[in-house]
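Thank you all for coming. I would like to talk through one structure this morning, going interface by interface and finishing with some backbone details.

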Amino acid sequence: MNRTGVFVCWCGSNIGAVVDVPRVAEAAAGFTGVVLATHYKYMCSEPGQDTIIQAVREHRLDRVVVASCSPRLHEGTFRKTLARAGLNPYMLEMANIREQCSWVHRQEKDKATEKAIDLVRRAVAKTGLASPLTAASIPVTRRALVIGGGIAGLQAALDIADAGHEVVLVERESTIGGKMAMLDKTFPTLDCSA
Amino acid sequence: MVAAAQHPHIKLMTFAEVLKVDGYVGNFEITVKQKARYVDHEKCTGCGTCWEKCPSRTSSEYNLGLGDRKSIYVSFPQAVPNKPVIDRDSCRYLNGGKCGVCSKVCPAGAIDYQQEDQLVKFSAGAIIMATGYDLFPWEEAYGEYGYGRYPDVITGLQFERMSNASGPTGGRILRPSDGREPQNVVFIKCVGSRDDTKGKSYCSRTCCMYTAKHAHQVLEKIPGSRAFVFYMDVRTPGKAYEEFYQRSVREGAQYIRGRVAKIYQSGDKLMVKGADTLLGMPVELEADLVVLATAMTPSRGYGEIARVVGFSTDKDGFFQEAHPKLRPMETNTAGVFLAGACQGPRDIPDTVAQASGAAMKVCALLSKERLETEPMISSVNRSLCSGCLECARVCPYKAIEEDSVSERAGGKTIRRRVASVNTGLCQGCGCCTVACRPGAINLLGFTNEQLLAEVDALCL
Amino acid sequence: MSIEEKNWEPKIIGFCCNWCSYAGADLAGVNRFSYPANIRVLRVPCSGRVNPQFILRAFQRGADAVLVSG
């Protein structure tokens with residue numbers, strides 16, 4: 001049986017002023033596999049993340065749902081939280097109850113709360129079937145290609161080469177320097193551009 | 001330039017173009033075309049005898065038509081590498097003629113008319129795009145400035161070539177028409193910039209400052225001269241920029257707020273008609289030279305190189321950054337970075353800053369021996385896979401390869417074809433999962449089972 | 001329930017591509033647009049990930065409309 005923890009975020013008043021956060025947490029507590037559902041002012045803050053880590057340990061959670069902002073914003077943050085709690089970071093699922101709920105349904109608070117509950121149910125269902133994932137790795141060719149031999153390409157090539165890496169600089173004209181070398185003195189210091 | 005040429009870790013490939021880029025972050029496979037120079041740079045010493053003796057002259061691209069060069073040439077005296085190439089369009093020998101003088105006079109025997117374009121292949125972990133900009137082709141758009149008919153209407157970059165000590169006039173500002181020093185010089189800003197109807201909607205960012213510099217140079221180099229600047233706004237956001245502009249005003253540059261409506265030739269003068277919108281009066285000036293601050297546009301061939309390397313461009317053709325504020329040096333293609341005006345108009349300090357930033361991003365990438373890949377990628381259940389490879393046909397990233405497994409069947413060992421996912425190439429889009437009839441391929445993190453469970457949960 | 005009934009509200013399931021329309025839906029929120037709360041969005045890594053089976057399943061389970069966007 002899964003041991004899912006659900007953490008609903010108020011995001012100050014961003015979510016809390018529209019969505020009935022305690023009601024969402026209450027509803028989530030009844031979903032299959034959920035052993036803990038709670039809420040906090042700012043889930044992404046340090047105390048918020050500590051709440052998750054402690055709950056994982058105390059309730060032996062094996063997967064986590066965070067209902068807060070868009071996963072495009074804080075998925076990385078909470079994956080790291082799971083890793084710190086000793087869980088596989090991919091046992092996380094987020095429910096987007098801010099960008100796609102509280103912020104766009106400010107005039108319909110009841111419906112926004114119902115929708116938030118649905119979105120949490122979706123996240124719980126998805127994470128219920130999640131399995132731990134591990135990143136593979138590929139070798140890196142330690143050489144850079146720089147396309148263009150003007151001031152931008154030259155500066156970049158020199159910086160990379162000074163760091164000890166190989167650089168191939170490709171320039172389509174017969175000489176390097178680009179537009180910069182065509183210039184006379186340059187503003188605002190009027191030094192030469194060669 | 002010399003520092004780059006001498007750096008032990010930098011390999012320069014000039015007169016070369018990137019033809020093909022395969023692979024992915026950490027492991028790009030590059031094909032470069034080394035164009036034929038017809039000069040063996042291993043043997044050439046750069047002595048210059050060949051270009052002194054070459055009898056064939058043609059207009060110098062480097063000097064933007066303000067001077068000539070030979071058919072065997074280096075672009076400018078301090079060029080790097082300081083070794084010549086032969087221009088195959090104007091060389092008499094390469095066009096079936098007889099000449100061959102350079103080959104006879106070369107003391108090193110470096111001339112090689114038989115040289116051909118060569119393909120060079122190598123691998124790289126990261127790519128920096130630094131393809132720069134070109135100038136807006138004002139001759140095609142601005143009829144009121146003469147469509148390029150008047151020789152004494154030039155661009156700011158042509159002005160730069162003239163004021164450059166190693167340029168075609170040895171650093172003197174002269175009228176292209178008769179070689180005389182101009183007295184009245186008119187500058188027109190925003191030619192092609194901030195002009196939705198004829199040019200580009202954006203501000204080219206550098207013109208206000210280089211026009212202030214040009215005005216300063218005219219007043220400094222030509223005694224008794226006058227400099228007039230027609231402007232829409234003066235924008236000087238940069239350290240010591242406003243002070244520089246004020247300095248050129250103090251030196252006598254006359255700024256006139258308004259557009260120029262018409263330029264026409266009158267004898268050996270150019271008549272410039274415009275409006276001073278602050279005074280609400282028409283203005284007519286007699287000019288000896290008119291300098292246009294033309295808009296920056298993406299470098300020619302920008303679309304082709306973006307397609308070859310594999311990233312997107314914006315509405316104006318500048319290379320698209322991953323995020324305008326937070327990831328200005330990255331593209332949406334992992335391992336491909338941006339430096340300089342190829343991303344959008346910018347001046348030298350900003351270019352140098354961005355180039356160093358992009359270099360830092362590359363160093364961070366190359367400092368690792370191995371790169372972690374995103375684990376949310378496709379995975380094949382080989383026991384279910386029928387080997388039809390329909391997944392490979394729909395994969396937009398060419399990430400699915402053919403593989404085989406050995407199995408015991410009916411007392412014999414048989415080899416069976418199956419699909420295999422290249423974890424470096426797979427971007428996790430999941431198109432393959434939809435194409436797979438036996439349901440053998442699934443997307444980790446977005447599995448069929450998970451998505452169905454999500455649908456069920458939302459429809460409850 | 002018939003469509004003539006006054007309180008009928010459609011249930012819409014949206015499949016949105018993470019890189020474009022899901023990001024667009026986020027942007028609608030950031031800009032504080034407002035739209036009816038009837039849609040429930042599912043994040044997919046690409047609209048090409050949407051198997052027709054998912055759409056049929058949504059209709060089977062009572063969805064009134066399905067939006068695939070990417």
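Predicted model: local features only at pLDDT ≥ 70, side-chain atom pairs only at ≥ 80, totals over all residues.

On the side of chain C that touches chain A, the elements that give two or more residues are α1, residues 21-30, and β2, residues 39-44. Of these, α1(C) supplies the largest share, namely seven residues. Sorted by class, that side of chain C consists of 13 nonpolar, three polar and five charged residues.

In total the contact draws 21 residues from chain C and 19 residues from chain A. As a general point, the size of an interface is often given as the accessible area lost when the parts come together. Here the area buried between chain C and chain A is about 1800 Å², and carbon and sulfur atoms give 47% of it.

A word on chain C itself. Its secondary structure comes to two helices and three strands, which follow the pattern β-α-β-α-β when read along the sequence. Taken along the principal axes, the C-alpha atoms of chain C fill a box of roughly 35 × 35 × 10 Å.

Let me turn now to chain A and its contact with chain B. The domain assignment divides chain A into domain 1, residues 4-128, and domain 2, residues 143-192, and the centres of these two domains, taken over C-alpha atoms, are separated by 49 Å.

How many residues does each chain bring to the contact between chain A and chain B? Chain A brings 66 residues and chain B brings 100 residues, and between them the two chains bury about 7200 Å², 64% of it on carbon and sulfur atoms. The polar side of this interface comprises 45 residue pairs in polar contact, again with both residues at pLDDT 80 or more. The elements that give two or more residues to the side of chain A that touches chain B include α6 (109-128), α7 (151-162) and β7 (166-170) of chain A. It is α7(A) that gives the most, with 12 residues, and by class this side of chain A has 37 nonpolar, 13 polar and 16 charged residues.

Strand pairing also crosses between these two chains, in that four bridges join β7(A) to strand β1 of chain B, residues 10-13, the two strands running parallel. Within that pairing, A:V167 stands opposite B:I10.

As for charges, a search of the whole structure finds 44 salt bridges over all chains. One of them pairs A:R142, which lies in the loop between β5 and β6 of chain A, with B:E369, which lies in the loop between α8 (348-366) and β21 (370-372) of chain B, so this pair joins two chains. The closest N and O atoms of A:R142 and B:E369 are 3.7 Å apart, and the count between chain A and chain B is four salt bridges.

Finally, some backbone details. In chain B, strands β2 (residues 16-24) and β3 (residues 27-34) pair in the antiparallel sense over eight bridges, and B:Y24 has B:N27 as its bridge partner. These strands form a hairpin with two residues between them, and B:G26 in the turn has a positive phi of about 90 degrees.

In general, most residues other than glycine have a negative phi, and most peptide bonds are trans. Against that background, B:Y147 has a positive phi near 50 degrees, and B:Y147 is placed in the loop between β10 (133-135) and β11 (153-155) of chain B. The peptide bond from A:F187 to A:P188 is cis, with omega near -10 degrees, and A:P188 lies in the segment after α8 of chain A. Another cis peptide bond joins B:V80 and B:P81, with omega about -5 degrees.

Definitions and conventions:
Residues numbered from 1 in each chain as written. Chains lettered and ligands numbered in written order. Heavy atoms only, no water. Domains from an automatic or database assignment. Contact = heavy atoms within 4.5 Å. Buried area = accessible area lost by both parts, 1.4 Å probe. Nonpolar A, V, L, I, M, F, W, Y, C, P; charged D, E, K, R; others polar. Salt bridge = Lys/Arg side-chain N within 4 Å of Asp/Glu carboxyl O. Polar contact = N/O pair within 3.5 Å; in protein donor to acceptor, adjacent residues only side chain to side chain. Pairing = 2+ DSSP bridges.
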